[in-house]
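Hi everyone, thanks for coming. Please have a look at what is on the screen, and I'll talk you through it.

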2 protein chains.
Amino acid sequence: MSLAIKFGVQFGLFGGSVQNLGTEKHHKKYLNDIGTLKLAGCFAMTETGHGSNVRELKTTATYDKSTDEIIIHTPTENDGKEYIGNALHGQMASVFAQLIVDGEEHGVHTILVPMKDEDGNLMPGVRVEDCGYKLGLNGVDNGRIWFNQVRVPRENLLNRFGDIDENGNYTSDIENPSKRFFTMLGTLVGGRVSVPRAGLSATKSGLAIAIKYALKRRQFGPNNREPETLLLDYPSHQKRLMPRLAKTYALDFALSHLAKRYTNSTEEDIREIETLAAGLKSYTTWFTTDTLQECREACGGKGYLAENRFADLKADTDIFTTFEGDNTVLMQLVAKGLLSDFRQEFHGGGYMPIVRFLSDQFLTLVAERNPIAIRKSDQEHLLDPGFQLAAFQYRERANLISVGQRMQNFIKKRTNPYDAYLRCQNHMLVLAEAYIERIVLENFIEVIKNVEDTDLKKQLKTMCDLYALSTIEQHKGWYLEKDYMEGKKTKAIRQMVEKLSKNLRNEALFLVEAFAIPDQCLGAEII
Amino acid sequence: MSLAIKFGVQFGLFGGSVQNLGTEKHHKKYLNDIGTLKLAGCFAMTETGHGSNVRELKTTATYDKSTDEIIIHTPTENDGKEYIGNALHGQMASVFAQLIVDGEEHGVHTILVPMKDEDGNLMPGVRVEDCGYKLGLNGVDNGRIWFNQVRVPRENLLNRFGDIDENGNYTSDIENPSKRFFTMLGTLVGGRVSVPRAGLSATKSGLAIAIKYALKRRQFGPNNREPETLLLDYPSHQKRLMPRLAKTYALDFALSHLAKRYTNSTEEDIREIETLAAGLKSYTTWFTTDTLQECREACGGKGYLAENRFADLKADTDIFTTFEGDNTVLMQLVAKGLLSDFRQEFHGGGYMPIVRFLSDQFLTLVAERNPIAIRKSDQEHLLDPGFQLAAFQYRERANLISVGQRMQNFIKKRTNPYDAYLRCQNHMLVLAEAYIERIVLENFIEVIKNVEDTDLKKQLKTMCDLYALSTIEQHKGWYLEKDYMEGKKTKAIRQMVEKLSKNLRNEALFLVEAFAIPDQCLGAEII
C-alpha cells in the first residue's frame, strides 16, 4: 500500500499540480521527467498549524521585483509543511503559499521549489525532517519541510489561475480570490477519486479473506457433535459479513461512476463532481475502516496474526479517513455544497426562497404518498426499487429542508452565520450521509437495469436489496420518528435483511472470487 | 501492554489454574515459585482446531496404570495448542486435555506438564513454534505447542474437581461431566474480570490524549479569522468524544462492581458473576476498539503518528475482543445464562412456564405504564433516573420474553433445539447487550446515590444522564418500533444528548485528569 501512496503523490499530486495548476511552459519542462520518475517530487500543501484549513496557511511567497524572484518562507516552526509524502525522496516540491506581490496578498498559489541539488544535497534554506514511525504506511517517507528565504525564479509560479507578468504585476482571469482559491483546489479532486478506490480494494481483500475462512472454519455444533457448524452458517456471522459484501459492490459501482464523471468533467459540472468525490471519499473510507475491523474480528485470533494480512490492511488504510481531506470536514463541504447548489438554482440571496420552494414541493410529495405505504411490509413492496429509492430520497430531502429551515431561523434571529452553521453542524453531517447513500442506491439500480445475464442480474439485485434495506434498517429510528414507516414495516425490513443475508451466504464465495484477487495476492495463510 | 498480558498469563492464568484447579500438594509445591517467577509458566488451553469450543479439544491425557503416569498427546497437527502466551519463556504448562482412565473418557482436565529442563532445553516430545508477528502485543511470546506421548507423574493432574486415586480409579465429587466442566472453567473467570479493565485503561489514555489535544488544536473559525475555533468547541467533536467519556465512567464503576463481586463470590452467585463477567468483558472491549478508533480519527494525521500513542493503544487492545473468549460467543453465553436462570428459578422443564409467567408480569408492567409517558419529553422527565432505568429494564425484559417465546414456538413445531437456537442467535445478542446496559446504568445510579460532595455528584449525574440518553438514542429505532416512545420524545432525547455533551465539554479536562494518568505515561507528543 505504501507504494500505491508514493505513486499517488508522485503522479497524482505532484504531477497533477504541475499539469492542472501550471501552463504549457511547465508541462514541457517537467511532465516528461515527472512521468518517468527522473524528477521525484512532493506536494507541500498541509502545514502543522493548518491541516484542513488550507486557505489560512502561513507559508509566504513574496515576489522580489529587483531580482525577478519569488522568496519562499516559513514564518514560524509551527507553519512548516507537515506530513508531506515523498518529503525525503523528493527533489522538487509543489509548495502552497500565500502569494504577496508589491505588498499585496493574493491568496494561496503554488510554486515549484527545488529541494535538492544534483548530488542529492538539500538546497540552502530548505530543512526536512522525517515524521517518524506511523501506525501504518511506513514505506512512505512522510516528512516536515521548512523554508528559510528560499529564492526561485518567477517562472516557477504555477500560473494557470494567477500570474505575475514581466512588469511584476499580479494578474488573474478569476477576479474573486475566493473563487480563484476553490478553482485551484478543485483541479486537485483526483486524489479524492482515487483514495476511496484504494480503500475499497483493501475492503475487498479483507472480505475475501474473512469469507473464505468462514467457509472453512467450523466451531461448535448440534450437541457438540461433528461436523461442527461452518462460521458462515451462523446468522450472526452472516449479519457481520453479508450486508458489508453487498455494500462493497454498491460502492464499487458508485466509485466507477464517479471516476467516469470525473474523467469527462466539464467546467459546468466540476463543482457537483467535487461534492460527490468528497462525499464518496468519506463514506467509503469510513466503511473500509469499519469492515476491516469486522473482518479481523470475524477471523478471531487468526485475524490478529500478521500472516493473515489484516494487520497491514487495517494499519495502511487507517489514515484514509484523514488524508486527502478529513472525513468530517469533507462531509460538511458536501452539505454546504448541497445547500448552496439549491440556493443558486433558485437565484435566492439567502436560504429563505429555497426553503419555501422546497417545503411546497415536499408537502406535495408527502400528500401524494399512499397512507398505506407506511405500514406496507410484503416482500414485493420491500424489494421494489421504487419504494427503496423513494425512502432514500425522502431522507435526503427532508434533511435538506430541515437544515435549510434551521439556518433560516437562526439568521432571522440575527445569529451570526458561523454560529448558525455550528449549531447545524451535526445535522449537516446527517444530510451529507443521506445524499451519498441516495446516490449509491440510484446508481446501483441503474447498473442493474443494464445487465442482461439473468443469473447475474438476480445476484446483483439481491445485493442491491440488501444494501438498500440494511441502510434503511440502520436509520429506522429516523424513519419511525418521521412517521415515514410504522413499527410493523421496520420489523419486516429487519427480517428481510436477515433473509437476504442468508440467501447471499450461498453466493458469497462466488461474489468474493469475482473480485478477481488471486489467493497469492490476498496473501493470507488461513485461506 | 505486552508486559501486562505476560503478567496476566503467568499469575492469572498459569498461577490461577494451579490455585483453582489444583489442591494443597500443588499449592505447596508450586505457588511460591510461580509468584516469585522462579517458575515461569503458560496456560495451554486453546487448540488450533478448537478455540472457542474448549469442550471438544483433542489433546489426550491417558492414564498408564503400569507406570502410574499420564501420557499427554496431540493427535494431529491441527490439534496443537495455539496462541499460547509465554509459550517460549514458559518452563511448565497447564495443559487442558481429555482425560482417559482405563479406556473411559472423563472430559477435559488440566495437567501440569514440564516444558523445559533446568538448562532450558525442551523436554523430549514437546515441540514449540512461535506464532510469528501479530497486529500488536509483539512483546508477548505467543506460540504453538504439540505433545508427542509426553509422560508426567499422576500427581501432576490438577485434581480439585476430578482425580485418579492410587488404585488407578477416576473419582470426582461432581457426578455430571457437563457440570464438572463448567465448574472448572468457572474458576478461571478472573481473566474476564481483568481484560476489560485493561481495555478501559487504554480507553482512558486514548480519551485523555484526544480531549487534551482538542482543547489545544484550533482549525477554521468565523470568516476564517483568528483565533480559530478549538476542536472541542465543534458540536461534531463533542458528539464524538463526550458520550464516550461518560460511558468510560459508567463502565469503570461497573467493572469495579464486578471485581468486588468476583472477589467476594460464593458458590451460590458464581454463575451469575460468570454471566456478568462474560457480558462486561465483551461490551467493554468492543467499546475500547470503537473509542480508540474515534480518538485516533479525532486527532487527524497527528493521531496516526506513532509518537502520539494511538498506534500502540489500538494494536495492543485489538485482540481483546477475541481472547479470554470471543465476544460474540460470550454474548451468547450471557443470553443463555439469562434464559436458563429464569427457567431454573421457576423449576420449569422448558421455556413454556417461564414465558407464560413473564408475559403476565410484562403485561402488568405495560398496563401500569402511564400512556402520557411515551411522549413526555420535558427535561425533568428525561433526566429522571426512574424513567431512564425503566426504559433500560423494559428493553431487557421485552427481549428476554420475545426470545423465550420464539424458542418456545420453534420447540412446539419440533424444530431441534440447535436449529431453534441458531434462528434466535441475533436476537440473543440483542438481549445480552440490553442486559449489560441495564446493569451498567443501575450500578451508576447506585454509585451516585452514595456520593456526598455536591459538585462531584452533579458531574457524575451529567455523565450518567449522557450514558443513559445516548444509549437510548442509539436504540431509538427499537423503542419507536415497540411504541415505547413517540417521535417527539426521541427527538427531545437527541437534543438533550447534544446539550449534555456541550455541558460536559466544560468539565472534560477535569474529567480526563481525574483518570490520574500522568502526561509522561500518556506519552503523546501532541498534548
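A:Q149 sits in the loop between β8 (143-147) and β9 (150-153) of chain A. When I say helix or strand, I mean DSSP runs, numbered from the N terminus: H or I over at least four residues for helices, E over at least two for strands. The phi angle of A:Q149 is near 50 degrees, which is a positive value in a residue other than glycine. Is A:Q149 buried or exposed? A residue is called buried if 20 or more other C-beta atoms lie within 10 Å of its own, exposed if 12 or fewer, and partly exposed in between, with C-beta atoms placed from the backbone. A:Q149 has 11 C-beta neighbours inside 10 Å, so it counts as exposed.

Before going on, a word on what you are looking at. This is a predicted model, where local features need pLDDT of at least 70 and side-chain atom pairs count only at pLDDT 80 or more, while totals for chains, interfaces and linings use all residues. Residues are numbered from 1 along each chain as its sequence is written, and chains are lettered from A and ligands numbered from 1 in the order in which they are written.

Now look at A:R309, in the loop between α7 (300-304) and α8 (310-317) of chain A. A:R309 is not a glycine either, yet its phi is positive, at about 80 degrees. A:R309 is buried, because 26 other C-beta atoms lie within 10 Å.

Let's zoom out to the chain. Chain A has 19 helices and 11 strands. Its radius of gyration is 26 Å, close to the 24 Å from the globule rule for 527 residues, so chain A is as compact as a globular protein of that length. That radius is taken over C-alpha atoms, and the rule is 2.2 Å times the number of residues to the power 0.38. Of the 527 residues in chain A, 48% are buried.

Chain A is divided into domain 1 (2-176) and domain 2 (192-513), with bounds from an automatic or database domain assignment. The C-alpha centres of these two domains of chain A are 37 Å apart. How many residues of domain 1 of chain A are in contact with domain 2 of chain A? Contact here means that the C-beta atoms of two residues, placed from the backbone, lie within 7 Å. In chain A, 7 residues of domain 1 are in contact with 8 residues of domain 2.

Next, the partner chain. 55 residues of chain A are in contact with 55 residues of chain B. Several helices of chain A each supply at least two residues to that side, including α5 (235-263), α6 (270-298) and α14 (425-449).

How do the two copies relate? Chain A is superposed on chain B by a rotation of 180 degrees with 0.0 Å of shift along its axis, at an RMSD of 0.0 Å. In chain A, the C-alpha nearest the axis belongs to A:G477, 1.8 Å from it. Both copies use the same surface, as 100% of the contact residues of chain A recur in chain B.

Key
Least-squares fit on C-alpha atoms with pLDDT ≥ 70 in both.
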